[in-house]
Amino acid sequence: MQFWYSHSWITWLLCPFSLLFWLISTLRRALFRFHILKSYRAPVPVVVVGNLSVGGNGKTPAVIWLVEELRKCGLHVGVISRGYGSQAKTYPLLVTPASDPVQAGDEPVLIATRTQAPVCISPNRQQAIECLLQHAPCDVIISDDGLQHYKLQRDVEIVIMDAQRGLGNGFLLPAGPLRELPSRLQSVDFIITNGAENQYSDAVMLLKPQYAVNLVTKAQRPLNEFNHATAIAGIGNPPRFFAMLEQQGITLSETQAFQDHQAFTVSLFDKFDKNQPLFMTEKDAVKCLAFAQENWWYVPVTTEIQGNKTQQLIQKIAQKCGQKSK
């Protein structure tokens, strides 16, 4: 919503509702802090990768990167997720690369595909952790999202922030994009800004595209071999994907932004030119494989985290795993 990034009359109109949101969320957090509401402590360390603002900050690439980095330390890593957008009949649900993204959710399937790590989804994160530990030995569990899910105790908190949009207008929902006040950043362990450095950065995340993959043939082609294309995106911040393609020298004749976690059907693609390549994100591609056409390509990205404190973060998590195992 555009007014989340300005101080328009809509912002001020919604301020009373933001105040109510703050009162409820603050009370809820206090009830957990003083143990009036019960929270769950997992038998292994839990790392929460979340955000303060809604929409498209880059959590999924960060989770994939973190899994890979912790594996380099010799750790067995599992991932849990709420599975937003999933339509599973029962939870918890173990997710594999072969899982139907309609049932398991696009992001969990993507994480399982890219990392081959054990992944489990459930709105009840305790159930997800218990299910995961029953089926896979895990030294540490990464929670994809859940910074505000205080029912789950955590050992490390990592916030992902879009560097360009930042904290928006600084207001809580619904007047602004924030789930918690900016002061919450003072209590987290690490802040990764996506795209550039800002005043909050402990590290900067850069998403680097190298090639495109055909959804039908699985052929790979360098992006600099494409001149004109159509692009669609059903992610939290579609303009970032379109800008990335244009930065590779691709002229986009048409773009279509869908809602995040869009449920794709073949009919949604009827209007696009079949005589030129159609690009999508890897997250969208997992939902389109069943009806893909030969001119459809997805663009995987490699995640690079830059910052002197990055290794300290990995060491901190590894040390907590050692402490828990004693």
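Reply: Two strands pair if DSSP finds at least two bridges between them; strands (E, at least two residues) and helices (H or I, at least four) are DSSP runs, numbered from the N terminus. This is a predicted model: local features need pLDDT of at least 70, side-chain atom pairs count only at pLDDT 80 or more, and totals for chains, interfaces and linings use all residues. Residues are numbered from 1 along each chain as its sequence is written, and side-chain values use heavy atoms, with hydrogens and water left out.

Me: OK, how do strand 9 and strand 14 pair, parallel or antiparallel?
Reply: Antiparallel, over 2 bridges, with strand 9 covering residues 211-214. Valine 213 has tyrosine 298 of strand 14 as its bridge partner.

Me: And how many bridges join strand 13 to strand 14?
Reply: 4, and those strands run parallel. Leucine 278 is bridged to tryptophan 296 in strand 14.

Me: Which residues of strand 14 are buried on each side?
Reply: Trp296 and Tyr298 on one side, Trp297 and Val299 on the other. Buried means under 20% relative accessible area, exposed over 50%, partly exposed in between (1.4 Å probe, protein chains only).

Me: Switching to rings: how many aromatic pairs are there in the whole structure?
Reply: The search finds 11. Rings of Phe, Tyr and Trp (its six-membered ring) pair if their centres lie within 6.5 Å; planes under 30 degrees apart count as stacked, over 60 as edge-to-face and the rest as tilted. Take phenylalanine 269 and phenylalanine 291: their centres are 6.3 Å apart and the planes sit at 55°, so that pair is tilted.

Me: Where do those two phenylalanines lie?
Reply: Phenylalanine 269 is in the loop between strand 12 and strand 13, and phenylalanine 291 is in the loop between helix 7 and strand 14, so the pair ties together parts 22 residues apart in sequence. Phenylalanine 291 counts as partly exposed because its relative accessibility is 21%, while phenylalanine 269 is buried at 3%.
Reply: Phenylalanine 269 also forms a tilted pair with tryptophan 296, at 4.3 Å centre to centre and 35° between the planes. Those two are 27 residues apart.

Me: Which residues do ring pairs link into a cluster?
Reply: Phe258, Phe264, Phe269, Phe272, Phe291 and Trp296.

Me: New topic, how many disulfides does it hold?
Reply: 0, where a disulfide is a pair of cysteine sulfur atoms within 2.5 Å. For cysteine 73, the nearest cysteine sulfur belongs to cysteine 321, 8.7 Å away.

Me: Is cysteine 288 buried or exposed?
Reply: Buried, because its relative accessibility is 0%. Cysteine 73 is partly exposed at 41%.
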